[in-house]
Amino acid sequence: MSSSSSDPLSVPTRRCWRIAHSEASNGWGGQEHRVFNELAGFRDRSSRVALIAEPTSGVAKRVAAAQMELVPTRFKRVHFIPELIHLRNWLFQNRIEVLNTHSSKDGWLLGIAGRLAKTPLIIRSKHIDVDYPSPKTSRHAYATVSDHVITTSGKIRAKMIETMKLDESRIDVIATGVDVTKFTAEGPKADLGLRDNGHPVVGMVSVLRSWKGHALLFRAASILRDRGMPLRIVIVGGGAPVENFSKFAVAEGAEDLVTFAGHQENVAEVLRALDLLVIPSTKHEGIPQIGLQGLSTQVPIVGSDCGGIPEIVRDGQTGRIFPTNDAEAFANRIEEALKKKERSRELAQAGRRMVEAEYSTDRMFERLEALYARYLGPSKRH
């Protein structure tokens, strides 16, 4: 596992916890998937779980559909005091033991509410790599109104320790786990609406955000076509108007190579339909869940050296890495991955073994339970 203050992997006795997560984001990306999966996983382990969120948010809708408890909350500044009182009372009355906050707005609101309610364990999860313009102020979010920090990558952890002088013993790396029984090489493939012309299919699977590197992929595709190497590009994901991204393909002269397939729930089937998965993020990246899912499905991967991507797409071991924002190098790595098929297959198989050993869903829940037990004790049951 990536560097961490400790790695407690055994829990003497599994217990049931009272757990609440909060999420101020309205989107539905990797961070929100992580929140939902933790809630669902602990519910299946007989804990009581609840989500504190805007009722119209993507994660709130899915939590409600899954018949998990939802505490509707407003995160606008004008509602801060009444929501603070309401949430303090709810946490206290429901005897919440573990409170896990995920974004800035809910981190401050729930962190203060949790302190007032004397919630035994307040965790602040940090999913992406960002800068901290006011480290002294930011430090309070991670050290004053929370007891422990969970990050998704070693790089994020190191940066937070250096920037905000956090106690190393109070920040751990626990990447999002992958269901290795679902994300396998065997199984059906998605119909992505592509014309079968024999050209290799290179895919991106992510929310449509500017820093995910879509424009860089279109530039690399144009470079490869100029070299006489045809390929098809498929973009899977929602989150922003497609028009905002299709213009990048037009600008690079690659619009005829690109298909926008929209949001897809059947991610494992999508991955099996690809010859190559690319993760060309330019900033803000932790350990991307799609990277772990792709490795588990044994799809060859090319990724940038941004954030925590190299922690899982280990260059020459489980995949291939290129320097962030370098379209020429990106094109070279894509070409290499598609032409050296046997080597790509070997790297993908090694990636599957790595995920099974280090990044499975069971592994994630073992580490979370051990962290909870470190603060709250393992023996009490409800």
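1. In this predicted model, residues 24 or more positions apart supply 72% of the contacts in the chain that have a separation of 6 or more.

2. Along the principal axes, the C-alpha trace spans about 65 × 45 × 40 Å.

3. Turning to burial and surface, 56% of the 382 residues count as buried. The chain exposes about 16,100 Å², and carbon and sulfur atoms supply 50% of that area. As for charge, there are 53 positive and 44 negative side chains, with the centres of the two sets 6 Å apart.

4. The largest nonpolar core deserves a look in your viewer. This core has 32 residues, and those with the most contacts inside it are L271, L274, L277, I312, V355 and Y359. Two or more residues each come from β8 (201-205), β9 (232-236), α9 (267-272), β11 (276-279), α10 (289-296), α11 (309-312) and α13 (341-358). Helix α9 gives the largest share, four residues.

5. V355 is a handy place to start inside that core, being among the residues with the most contacts there. Leaving aside neighbours within four places in sequence, V355 is in contact with V178, V180, L292, L295, S296 and S360. There is also a second, separate core of 30 residues, which includes M229, L231, A337 and L338.

6. Now to helix α1 (residues 30-44), where F36 is found. Which residues does F36 contact, leaving aside its neighbours within four places in sequence? They are W28, V59, R62, V63, A66 and M68. Of these, V59, R62 and V63 have numbers that fall in helix α2 (residues 58-65).

7. Is K61 buried or exposed? K61 is exposed, because its relative accessible area is 51% and the cut-off for exposed is over 50%. Apart from neighbours within four places in sequence, K61 is in contact with P55 and T56.

Notes
Residues are numbered from 1 along each chain as its sequence is written. This is a predicted model: local features need pLDDT of at least 70, side-chain atom pairs count only at pLDDT 80 or more; totals for chains, interfaces and linings use all residues. Side-chain values use heavy atoms; hydrogens and water are left out. Buried means under 20% relative accessible area, exposed over 50%, partly exposed in between (1.4 Å probe, protein chains only). Contact means heavy atoms within 4.5 Å. Accessible areas come from the Shrake-Rupley method with a 1.4 Å probe; for residues, only the protein chains shown count as cover. Lys and Arg count as positive and Asp and Glu as negative; His and the chain ends are not counted. The place of a charge is taken as NZ of Lys, CZ of Arg, CG of Asp or CD of Glu. A nonpolar core is a set of buried Ala, Val, Leu, Ile, Met, Phe, Trp, Tyr and Cys residues joined through side-chain atoms within 4.5 Å.
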